[in-house]
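Welcome, and thanks for taking a look at this one with us. Here is a short briefing on a helix pair and a sheet, to read with the structure at hand.

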Amino acid sequence: MSAVISEHDARTQHWRDDFPLLSRQVHGKPLVYFDSAATAQRPRQVLQAMDDFYRQHNANVHRGVHSLSGEATDLFEAARRKLCQHINASSEREVIFTRGSTEAINLVAQAYLRPLLQAGDEILISHMEHHSNIVPWQMLREQTGAVLKVIPVTDSGELDLQALPELISERTRMLGLVHVSNALGTINPVREVCALARRHGITTIIDGAQAMPHLAVDVQALGCDFYTMSGHKMYGPTGIGALYGREALLEAMPPWQGGGEMIRTVTFEETTWNDLPAKFEAGTPNIAGAIGLGAAVDYIAKIGLDAIAAHEQDLLQFATDKMREIDGLRIIGEARDKASVVSFVIDGVHPHDLGTIVDHHGFAIRTGHHCTMPLIKRFGLPATARASLALYNTRHEIESFIPALRQACDMLR
Ligand code: 7TS
């Protein structure tokens, strides 16, 4: 390892030490985890918070007069408060716990937009959306006769902003946009797009699943109406995430799912709804998950998103430069503003074969369409390989990835 690399990596070693799983081996080789865009690893602080909850405080929330239930409720609501502050929502009533981004988008499609839509109304999304921000709108199209329009993506993987004004019409009711593309790494100009949408009276939903681990997100500064998050991509647990929604919109919406927690009174004749945010949290929530997500927010805040972004930008540049030296390797997604995701293809090598071979060297990368089939098709490809980098990755890991890639190419070409 060169002196420059070890010096750089030493600065982040203590972050890495927080992640117990990273010290394991795969196929007898040290694990190199380059798949954090699919799901990140969890620091011991998150594991500890969930373990403490189950060992010390486990009870159902909001329902009991007994002490444990009070403790569980306090911890659960403290997690909501942390998330609220982290994204600068103006009130905790604006933060709804969901299973993740997918559920948050479906909630907005069904509870916000469906009652407002007439046949012929338009929903605008981009060509770089994850299926989670495509399929719920297609389902709504089937239910209402709405029209789905798509903002194109340029060859470098940026949103084609020039095409946007023409796609907006007086029938546009919703604009859905991914903040950071999971397949390309592109960071979209969300603030500008939301400002344009607002001038046309269009409601906006931003899919923040991939932005939350990399960028400081301020929902008020972004000017969006809805923003979605997935805990497991920001070092928290799976099965928990959140929807931010502007309070006035959430207040006006009917509930989505019916059941416990979301009601105020029930008779067989009539049911009245609970206040926000409970109105959208039917059933016993993922209590330990929310507490783990709160611990993940603390963890990210303690390191600081500026420090995380600086480290990841360094890794992105380092990886991009090194990988470009490989014969026939092409990076897919070369936006000027990018998060630490490197999607690539290599002439004559199928990404799946590549992924399988590098796994035998300990490298966990993702191959396929990354749940963005229309986008990958737009680049004329069946699949890409993707290395997604997080705060615990190092230059040394990237440096060791290059010979593994070369060796795989030699075997496969
Ligand atoms: N939106 C984006 C941009 C995503 O990257 C993902 C998951 C989702 C939504 C769905 O999030 P969930 O937490 O509701 O499942 N992306 C990926 C990926 O890139 N590889 O596996 C999952």
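Contact here means heavy atoms within 4.5 Å. With that in mind, please note that this is a predicted model. Two places are worth a visit: the packing of helix α12 with helix α15, and an open sheet of seven strands.

**The helix pair**

- Helix α12 spans residues 305–324 and helix α15 spans residues 395–412.
- Their axes lie 10 Å apart and the packing angle is about 20 degrees. Because angles under 35 degrees count as roughly parallel, α12 is roughly parallel to α15.
- The two helices, α12 and α15, cross in a right-handed sense.

**Who meets whom**

- From α12, the residues in contact are Asp314, Leu315, Phe318, Ala319, Lys322 and Met323.
- On the α15 side they meet Arg395, Ile398, Glu399, Phe401, Ile402 and Leu405.
- Sorted by class, the α12–α15 contact holds eight nonpolar and four charged residues, with no polar ones.

**The sheet**

- Follow the strands in the order β4-β10-β9-β8-β7-β5-β6; the pairing is mixed.
- At the edges you will find β4 (95–98) and β6 (147–151), each of which pairs on one side only.
- On average, neighbouring strands of this sheet are turned by 20 degrees against each other, direction ignored.

**A closer look at β7 and β8**

- Strand β7 (residues 172–178) runs parallel to strand β8 (residues 203–207), and five bridges join them.

Conventions
Residues are numbered from 1 along each chain as its sequence is written. This is a predicted model: local features need pLDDT of at least 70, side-chain atom pairs count only at pLDDT 80 or more; totals for chains, interfaces and linings use all residues. Side-chain values use heavy atoms; hydrogens and water are left out. Axes are lines fitted to C-alpha atoms, for helices over the stretch in contact, and angles run from 0 to 180 degrees between N-to-C directions. Helices (H or I, at least four residues) and strands (E, at least two) are DSSP runs, numbered from the N terminus. Angles under 35 degrees count as roughly parallel, over 145 as roughly antiparallel, 65 to 115 as roughly perpendicular and the rest as oblique. A crossing is left-handed if the near helix is turned anticlockwise from the far one by less than a right angle, and right-handed if clockwise. Ala, Val, Leu, Ile, Met, Phe, Trp, Tyr, Cys and Pro count as nonpolar, Asp, Glu, Lys and Arg as charged, and the others, Gly among them, as polar. Two strands pair if DSSP finds at least two bridges between them.
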